[in-house]
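Dear colleague,

Please find the structure below, handed over for your reference. My notes on its aromatic pairs and surface follow.

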Amino acid sequence: MDIKNTIKSFRPNSLPASFAEKARSGFAGGLAIFLLAWALYHLPQPEYPLLLLGSMAASAVLLFAVPHSPLAQPWNLIGGHFVSALAGWTAIHLVADPVTAAGVAVGSAIFLMYLLNCLHPPGAATALTLVLGAPQFQQMGWHWVALIVAANAGIFLLLALIINNSLPQRRYPAMSAKPPPPLPETTIIPEQEDLEWALGRMDSMIDINIEDLNSIYAAAHEHAQSRFDSRIK
């Protein structure tokens with residue numbers, strides 16, 4: 001391990017977004033949580049109350065601070081919370097020890113989200129919430145737990161669609177990018193300062209740092225070069 005570089009890695013990473021974009025993200029996230037809580041309070045409460053899940057605050061960070069992230073897309077939000085709730089529900093019924101159940105619930109949630117291509121980090125918090133409130137959720141029954149998750153995730157998705165698409169420089173859900181036009185024969189290869197400039201021009205938070213972006217670009221360039229070499233042999 002390189003101790004010097006490890007210590008340097010603890011320094012804060014600058015975020016390539018303007019102050020206005022950061023303010024928009026905070027306002028949008030706070031407004032969404034307020035509207036979600038308001039809606040849950042005013043919806044009909046047939047037997048047990050519709051609870052506001054604490055994990056939705058973590059979802060707010062993804063949906064309103066990094067809405068273009070793959071982890072913030074609709075299937076990730078809905079599928080991630082649902083399969084995590086299923087993992088938590090299963091854990092509290094099969095594992096008696098709450099400490100062990102917590103680990104099983106979160107680990108199973110991560111595995112299932114990966115397996116179903118709906119990785120959404122706040123989902124693991126939903127799984128843990130069921131373990132921490134096991135007596136209450138067991139009393140309520142699975143049908144009510146599913147209703148709570150559906151109400152939280154469904155309303156939050158609707159809010160994300162409305163709020164994000166009302167703000168400049170945002171498009172939610174993220175659409176597949178069109179393939180870039182073919183490069184001219186004399187290719188100019190972008191350097192790190194060019195990538196940093198491009199990130200800054202986007203005026204929105206991208207869920208990747210410049211070092212990872214450089215690594216991805218280098219790997220893609222190497223793969224393209226090897227593919228080109230194999231064609232001309």
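In these notes, buried means under 20% relative accessible area, exposed means over 50%, and partly exposed lies in between (1.4 Å probe, protein chains only). The model is predicted, so local features need pLDDT of at least 70 and side-chain atom pairs count only at pLDDT 80 or more, while totals for chains, interfaces and linings use all residues. Residues are numbered from 1 along each chain as its sequence is written, and side-chain values use heavy atoms, with hydrogens and water left out.

The structure holds three aromatic pairs. Rings of Phe, Tyr and Trp (its six-membered ring) pair if their centres lie within 6.5 Å; planes under 30 degrees apart count as stacked, over 60 as edge-to-face and the rest as tilted.

One of them joins phenylalanine 64 and phenylalanine 156, whose planes stand at 85° with the ring centres 5.8 Å apart, so this pair is edge-to-face. Phenylalanine 64 belongs to helix α3 (residues 55-65) and phenylalanine 156 to helix α8 (residues 142-164), 92 residues apart. Helices are DSSP runs (H or I, at least four residues), numbered from the N terminus. Both phenylalanine 64 and phenylalanine 156 are buried.

Tryptophan 89 and tryptophan 142 form a tilted pair, with 50° between the planes and 5.7 Å centre to centre. Tryptophan 89 is in helix α4 (residues 74-94) and tryptophan 142 in helix α8, so the pair ties together parts 53 residues apart in sequence. Tryptophan 89 is buried at 15% relative accessibility, whereas tryptophan 142 is partly exposed at 31%.

With kind regards

Key
Helix = DSSP H or I, 4+ residues; strand = E, 2+ residues; numbered from the N terminus.
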